Each structure stands twice: as C-alpha cells, then as structure tokens.
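Biologist: I would like to go through a few of the labels used for this model. Please give the rule each time, then the value.

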Amino acid sequence: MTATPINNNLCFFLPALNQEADVKPIDEAGKWEEQENNAFEKVATSLNYQAPREVKSISSVPTMWARPLSVEMALHNNQYPIRDQMIEQWRGMLAALALAEVRGFPLKAQLIELRQLRYEEFARCLHELLPSESRTLYTIANKHSWEDIYVFLWQGKAVGMTSPSTLVCPAEEGEWRGLQWWVKGQLHSPIPHLNASEKSLLWRWLENLRREIGKPEYQGKKQAINTIGGLIDEFRADLNADTSQPLSLTEEPQFFGVPLNRGILNTLNFPVKAPEKPSNIRLIASSSKTPKSDLLVIDPEIAKVWNVPLQNIWVHGGKTLASLNVEDLRQRRIIWQDVKWVEPKDLFLPEFKFINQEDALPGAFLPKEVVPLTFEGDRITPLIPLNPILLDYLTPEELISRLKLQPLNGNEGPQIRVTLDLPLAGMEEGNSSQNYRLQKDYVLKEENALPEVPVLEVWPNFRSPSWKYYYAFYYDGEHSDDTFQVNFPEAKQPQIFKDGRGAYQMAYLEQFPSYLECQTQNKNLLGLILLESPPEVTTRSSWQIGVDFGTSFTNIYVNRIGTAEPLELINLHLKITEFNQETRLPLLYEYFIPEDFIPLHKPLPLSSVLTTRGSQAANNDQRKPIFDGRIYVPNSYRFKIQEDWIKTNLKWEEPQNLVFNQLFLKHLALHITAIAASQGVGQIQWSLSYPSAFSRGDKNRYAKSWKDITRELEEKTGVGHNSPDIDNLDYFRSESLALAQYFADHEDHDLVNTTCIDVGGGTSDISIWEEENLVHQCSVLLAGRDLFSQFLELNPKFLEKRFGIEPSEIKGLKGTAFNPKLDVWLRLEGDNWLNNKKAFIADQADFQGLIQLTAIGTAGLYYYVGIILKTLHQEEKYKRPEITPVYMGGNGGRFLHWLSETGQFDRNSEINLLFSRMLSKGSGFEDIEVTTRLSQNLKDEVACG
C-alpha cells in the first residue's frame with residue numbers, strides 16, 4: 001500500500017477511501033507496518049470505487065495468494081466492489097465441474113502438496129504465506145487447510161484451483177476455450193446456456209453440495225458455511241429448475257484424473273451423470289425391421305441443421321453431442337455394447353463403382369433417374385455406394401425412396417452426387433422421425449467401371465410369412481477380372497466353388513434377400529445391389545397334387561376346384577443381371593434350379609434325371625437338396641449322359657441310387673410347393689402312385705420317404721402337407737389302378753369288362769376289371785425299354801442314319817445309360833419324326849425290322865394278358881369267357897403310334913387285329929376283334945387318375 005508524492009501530497013495506488021474507512025494513510029513512504037489478519041478485508045471494504053461491469057477483479061493485493069483471497073473476500077463480504085462479477089465467475093466454475101461429464105468438458109485436476117515442495121523457492125514462499133483458516137469450510141488432519149490444493153486444467157492449461165474458503169477459485173486469466181459461458185476472456189453465469197435437464201441436474205448437485213458442507217466431520221467454520229451455503233442456495237434458486245430430477249453422480253472414481261478427497265472437496269470429485277434419455281440421433285428402422293440394436297448417426301453438424309444446441313441432442317448413455325468426445329469411440333476408450341454407431345463418412349463407400357452397360361441389373365432395385373447417368377456419353381448402371389449396415393434397419397424400398405443419384409459437372413470432371421435422407425428420432429416427441437440429409441460427391445473414374453456382369457439369380461421370387469426356402473446363384477461368366485463377386489450377407493449356407501475357369505456360388509437363405517454385396521476378389525466392398533421385396537402371398541386355398549414318379553419320366557397333376565390338369569410350371573426366378581441367354585439357360589439347367597422346362601408348350605412330364613454338377617459333398621451322407629442334386633432338364637442335343645454329374649435310373653430297385661432318388665424327390669416336392677405357395681395355396685393333399693410290383697416293404701419305404709420330405713417342407717414353408725399312408729386307397733394307389741381311374745373319369749370309358757395296361761419304361765402295370773370291380777392287378781417286366789429301346793441300342797447305325805444322333809453321343813452307352821438318352825430324344829423329337837419323316841422310310845428294311853420286333857414284343861404282352869384272363873376264369877375270379885377291350889397308357893404306350901401305318905394309332909389301326917388275336921390265343925377265348933384304346937394324354941394318366 002505504498003504511496004507516491006505528487007505535488008508534495010501522498011496518493012494511494014488503490015482508489016480513494018470512503019468516509020467510514022477503517023484504514024488510515026501512512027505517513028512515510030517505504031515504511032512497513034505490521035497489520036492484523038483482517039487488514040486486507042478492511043482495505044477492500046473501505047475503497048470508494050464504482051466498478052464498471054467490464055472490470056474483472058482487483059489484483060493489487062501484495063501477496064502470492066492474491067487471487068484466492070480476492071475471491072474469498074468477494075464471496076464473504078457483501079460490500080466487496082465487484083462481488084457480483086466474482087459470484088458469476090464462481091458459479092461458472094462450479095457449473096463446469098458439475099456438468100463436466102454431461103458436457104464432456106476437457107477438465108483435469110492436479111494435486112499440489114506445498115509441504116512436500118518446500119525445497120523449491122516458489123513453493124516455500126507460498127507455504128510461508130499461507131492464508132488464514134478463519135473462513136475455511138474444512139480442515140485437513142495435521143495440516144494447514146491451504147497446504148493441499150488442486151489446480152484445474154482445461155485442455156492442459158490452468159484455469160482455476162480449489163479454495164478451503166470458497167470451494168473453487170477461477171483463475172483471473174484462465175482460458176476456458178469452447179465453454180459456452182466463457183465470453184471475452186471471462187467466466188459468466190452459466191444459467192442462460194443450460195437446457196432444462198442440465199439445470200435440473202445442476203440443481204440436484206448443488207443441493208447435495210449444500211448438504212455436505214454442513215456436515216460436522218469437515219469441521220468448517222460456521223460463518224463460512226453459512227455464507228457459502230447461502231450463495232449455493234441463491235444459485236439453486238436462480239436456476240428455476242425442475243426439482244423432480246433425481247441425483248445421479250458419475251460412476252468414475254477419478255473423473256478429473258486424481259481423486260479430490262480433501263474434506264468437502266470430495267463432493268466436487270463426482271460430477272453429475274446425465275440420466276438415460278432416448279437418443280435423438282437414433283435411426284428409425286422400417287416397420288418391418290426388428291434390428292437387434294439401435295444405430296446412432298453421430299455428427300455435430302446435426303445441431304446446425306436442426307438449429308438445436310449440441311447439449312440438447314442426446315446420443316446414448318447420458319451423453320449429448322456436447323459431452324461426447326467421438327475420439328473416445330474411435331479409439332475404443334468408450335465401448336457401447338447395446339448400440340451401434342456410425343459417422344456420416346462411414347455410410348458412404350470411398351469410390352463410386354458402376355457397370356458400363358445400360359440396364360445391366362434388370363432385377364435390381366435402383367433409384368429413379370431424373371437425369372440419366374452416363375459416362376463418356378454412354379448410359380451406365382450404378383452399384384449403390386452405401387454401407388450395408390443401413391439395410392439392417394431400412395427396407396430396400398425405404399432406402400431407395402431416400403436415395404438420389406444426381407450427375408454433376410465438377411472441376412475434376414463428371415461427378416455423381418449421392419444424397420441420402422436419414423429418418424432419425426429427432427427432437428419432437430410424438431413425431432415419427434426427423435430428417436437428416438447427407439451428401440457425398442463422387443468423381444466418375446474409368447478405373448471404377450466394370451465392363452461385364454455375372455449371372456445372378458434368386459429363387460423363388462415371392463414372399464410368404466413362413467416360407468424359409470430361398471436359393472441364390474452366382475456365376476462370373478469367366479470374367480473374373482472384369483466383373484464383381486458377390487456376398488449374400490443373409491445366407492445360411494454359402495457354397496463357393498470353381499469349375500474350369502468359372503467361379504460359382506450357391507447360397508441358401510431363410511428369407512428373401514434384401515441386398516447383395518458386390519466385392520473384389522479380395523473381398524473388398526465395391527457397392528450394393530438392392531432387391532425389391534416381392535409382394536407377400538396370403539394363403540387362401542388348397543390343392544390336391546398327383547405325382548407319378550417313373551423310371552423315365554415324372555408327371556404332376558393338380559386338382560384345384562374339382563378338375564385335374566397338368567401343373568403349370570411357372571417361372572419363379574428373379575433374374576438380377578442381364579446375361580446371354582444361350583449361356584444362362586444351360587447354366588441354370590446344370591448348376592441351379594431351371595428357369596423353364598422344355599418343351600415350353602408341354603413341359604410335363606419331366607425327365608427323371610438328376611444333376612449333381614457343382615456338388616461339393618465329400619460323400620453321399622453329406623448331400624443336400626439343391627446344393628448337391630437338382631432336377632435336370634435335358635436337351636436332345638446337349639444331353640451327355642456320360643457325364644458323371646448326370647444321374648438316371650432313380651427308381652427304388654437300385655440301392656446305390658437311393659441318395660439320388662431322394663435328392664430328386666426333395667427338389668420335386670420343394671418345386672411343387674413353391675409353385676403352390678406362390679398361388680396362395682396353404683394346404684396340399686398329396687396323391688401318390690407306385691408300381692403294382694411293389695412289395696409291402698417297397699410301399700412302406702416310398703410312403704415314409706414322402707412323409708419325411710413333406711414334414712420338413714411344412715416346417716420351413718408354412719404350407720400344410722398331407723402325405724398318405726399306404727392303406728389310404730384314395731391317395732396312395734398302384735399305377736394300374738390310377739390308370740383305370742383316369743380312363744373312367746377323364747375319357748368316360750367304363751370298366752365293365754376291361755383290361756388296363758400302363759406301359760412304363762421298365763414295367764407294365766396291368767389291371768383287369770369286370771362290372772367295374774377290380775378282378776386282378778399285376779406288374780410285368782416287359783415295357784418300353786424291352787419293346788423298343790433295346791433294339792435301337794443294338795443298332796447305333798440306325799440311330800445315326802434315321803434319327804441323326806451322332807455316334808459320339810451314344811458311344812459306350814448300354815442299358816440304363818442308353819435308355820434315358822433315347823427317352824429324351826423320343827420325348828422331344830419323336831412326334832415330329834413320326835409326323836414328318838416316317839413316311840419317307842416306312843418301307844425301308846431297317847425300319848420295317850424295328851417295327852416287326854416291336855410288334856412281336858407288344859403282341860407278347862397281349863398274349864400274356866390273355867393267359868391271365870384264362871387263369872382268372874379258371875379260378876372263377878373272372879366270370880366272362882371272353883377277351884376284353886384294352887385301355888393303354890403310360891410312356892411306353894406311344895410305341896403304338898410307331899406300329900400304326902399312319903403314325904397315329906386309333907381303334908381303326910390294323911395292328912388292333914393282331915392284338916385281339918393274341919388275346920384270343922393266350923386266353924383260348926373267341927377272337928371277337930376287341931379294340932385297344934390309347935390314352936389321349938400319354939404318361940399323364942397316372943398322375944391325373
């Protein structure tokens with residue numbers, strides 16, 4: 001308090017004293033006088049000073065402890081000149097400590113123990129000049145209460161300290177950069193900068209602080225407790241907060257880096273913890289999506305877009321955009337187990353990849369183009385450059401509706417602007433969502449152009465609530481370097497393999513795929529292909545399905561509303577990419593589920609042929625339907641039965657083929673069920689036929705096989721399946737009975753006195769009827785392959801010369817290997833040959849030789865029927881002593897057309913006379929020239945009947 005002479009008068013450096021001043025001027029410069037402990041306070045209260053608002057403090061008190069003492073005087077003395085400014089600063093620092101976790105403030109503390117630092121000159125001086133303990137709020141055992149203080153650091157710079165008399169003391173020149181209530185280099189009241197929740201939290205924290213101050217164990221001075229407690233009460237009152245908010249403190253024991261554990265300072269050690277509030281930045285999932293965890297889109301720019309303070313936008317775990325340090329998430333210092341989070345940059349892929357073709361993805365779901373996307377003047381097809389995590393929350397339909405691709409001209413050349421509108425939870429309670437728009441501009445680069453597309457298919461292309469059988473197929477077209485590979489993220493059983501130079505993949509999924517990931521060979525993500533969800537089918541009807549599983553062919557009929565008709569093999573493929581049909585269709589026949597069946601005008605019956613191409617099963621026990629065996633659609637010119645992946649002769653008599661038999665039937669049942677389900681069918685009644693030669697054990701095995709297959713189908717398709725028991729004659733019939741039923745019901749032929757013969761490939765099933773009652777049925781190993789095929793097998797030159805079949809196609813084929821090849825040719829080309837070529841060679845010796853052998857064999861079958869009639873008559877089971885008309889059907893029945901001079905067998909064909917005569921010879925009954933009636937729907941009879 002020295003003075004300096006001006007015009008021989010003394011003048012204080014401090015402002016003038018008021019009239020009631022307790023301080024008297026000294027009379028001699030340079031003279032030090034001893035004063036009482038309250039000398040500084042007397043100086044402060046005696047000053048005649050009207051402090052303008054911009055004055056921060058009075059700092060001319062000559063002591064190292066000037067700042068904390070000034071704050072002490074301001075808070076404890078109502079007359080202190082700039083008391084209001086000091087209280088604002090004090091409140092600002094308390095709020096910063098209390099809300100440090102809520103706001104994520106960069107506050108740390110360091111403990112200074114002066115006694116341990118007395119060997120340092122500055123610390124020794126501080127220790128020797130320790131302030132008075134007359135106004136302290138706590139004591140420290142065996143220490144002066146001012147000996148241990150904490151210095152607070154903001155971003156590594158000191159901004160304040162603790163004080164035994166005022167709890168905290170903000171530094172006069174502290175830099176609280178980023179703190180909203182630090183303005184123009186000075187702390188201000190935090191109240192205008194707090195949201196309602198923060199005010200409530202701070203109110204509770206101050207209440208707790210007020211309660212703790214008065215506890216006797218801290219041994220604080222009563223007057224000091226009352227004064228500071230009163231200031232805390234005033235602070236709480238000024239907050240005008242909702243006081244229903246419960247107190248919640250941080251669970252971090254050393255939030256500020258070191259424990260604050262000196263007396264009442266322990267209360268400052270625990271900032272408030274924000275209560276859990278619903279996230280405002282949660283992505284709102286589509287109504288049909290049920291993600292396992294929420295996805296948070298963390299971006300400080302949201303506050304600007306929504307015009308909302310950062311601290312008002314709740315993120316997760318009590319964090320707001322103001323309190324969250326995203327770097328903590330990036331460095332995994334914070335790990336949230338119950339939510340996922342992304343930043344906007346994570347939602348866009350680094351590059352924009354595209355297919356350098358127009359409409360290259362006809363089955364994909366693409367944004368509508370307001371302006372066509374082009375590169376170097378040609379239309380292109382984009383891959384969607386988004387993070388696939390979005391598809392866990394949004395359906396393809398919603399994502400596409402929120403996505404826009406817009407061509408631009410930028411400084412670097414042609415560009416594509418990708419705009420994505422995200423539905424976030426938002427700020428308004430009750431509103432479904434609040435939009436947040438993200439954008440990224442991509443430069444179109446030549447190195448990002450893909451010149452080729454692979455084959456990509458999904459089957460079946462429909463949805464049903466309980467349907468869980470979906471298959472996807474990929475083939476790179478041997479363009480590995482010029483196209484993309486795929487990943488089916490929702491696949492349960494992906495199977496990837498190479499065959500020759502081509503790369504293949506087959507995948508099983510339990511739901512219709514919403515998207516595919518396009519990848520490089522190194523599995524780097526190139527982009528997405530979105531798939532539009534097909535309409536969901538509702539079940540409303542039931543079908544009866546008849547199946548005739550034969551040695552050569554398999555037929556299927558359906559009874560919808562009382563009328564039986566061939567099942568329409570509708571196309572259920574989703575063709576995602578545009579690929580050369582000449583390559584694509586054979587590829588699907590061999591490696592995947594056929595898109596269509598040939599001939600297109602009459603695809604039934606199907607050839608009983610299986611393809612195992614692409615199977616990766618190490619043994620038969622590991623074979624799975626579709627993956628390791630599927631129905632094969634042979635072409636008369638491309639059917640190379642010598643291939644080891646072609647499996648024929650699938651009937652039950654061959655134990656080594658049983659696994660292939662099951663694979664064929666499983667695909668058959670699945671394919672039929674898919675067609676039915678796509679038409680809204682919820683229940684299928686199966687009607688099955690079997691050869692009359694089946695033993696009871698054979699019938700049991702066949703019926704059980706269908707029950708096992710359909711039981712699994714019912715579990716995974718939601719379609720009810722009724723598969724018959726062997727004693728259910730309505731739905732489990734011999735082929736001979738089914739044939740007879742067909743003639744009675746569909747061709748209006750009575751069964752008064754009739755023999756029905758179902759001529760198959762390996763057996764002929766015979767049933768004899770009298771007065772519409774079944775008299776006898778049996779099966780004989782004399783059928784199409786014996787009556788016709790074996791003669792051609794022995795004469796390959798005839799096949800080459802007359803049918804145009806190359807020798808190389810049948811070289812080495814014998815018996816069960818040869819027959820399917822000929823069956824397919826006859827199925828696809830036989831009728832045309834008979835109608836257009838037979839007449840030119842009908843009189844040729846080689847053809848006549850074939851016809852004679854077939855006629856003799858067929859006549860032998862009739863002779864055998866005659867023997868049966870005679871025996872039955874002798875046993876009095878067949879009462880009429882006469883031969884019967886014959887109704888013939890089955891795949892082998894077509895050979896009667898070959899025996900007819902016109903190429904079309906009917907009741908007037910001359911061969912009828914031979915057949916009638918053979919019945920007569922075999923039975924011994926009179927030849928009354930009975931006729932043979934050939935089915936109008938060869939091979940359809942059993943399935944239909």
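Modeller: A cavity is a set of points on a 1 Å grid over the protein atoms alone where a 1.4 Å probe fits but cannot get out, and its lining residues have an atom within 4 Å of a point. Points are joined across faces, edges and corners, and a volume is the space filled by probe spheres set on them. The largest cavity holds about 100 Å³. Its lining has 14 residues, and Ile 598, Leu 606, Ser 607, Val 633 and Pro 634 are the closest to the centre.

This is a predicted model, where local features need pLDDT of at least 70 and side-chain atom pairs pLDDT 80 or more, while totals for chains, interfaces and linings use all residues. Residues are numbered from 1 along each chain, and side-chain values use heavy atoms, without hydrogens and water.

Biologist: Why is Thr 551 called buried?

Modeller: Buried means under 20% relative accessible area, exposed over 50%, partly exposed in between (1.4 Å probe, protein chains only). Thr 551 has 17% relative accessibility, so Thr 551 counts as buried.

Biologist: What does Thr 551 touch?

Modeller: Contact means heavy atoms within 4.5 Å. Not counting residues up to four places away in sequence, Thr 551 touches Ser 608, Asn 649, Lys 651, Gly 762 and Arg 785.

Biologist: What makes S39 and S40 a pair?

Modeller: Strands (E, at least two residues) are DSSP runs, numbered from the N terminus. Two strands pair if DSSP finds at least two bridges between them. Seven bridges join S39 to S40, and the two run antiparallel. Cys 756 stands opposite Ser 767 in S40.

Key. 1 Å grid on protein atoms, 1.4 Å probe; cavity = no way out; pocket = protein on both sides within 12 Å on 5 of 7 lines; lining within 4 Å. Helix = DSSP H or I, 4+ residues; strand = E, 2+ residues; numbered from the N terminus.
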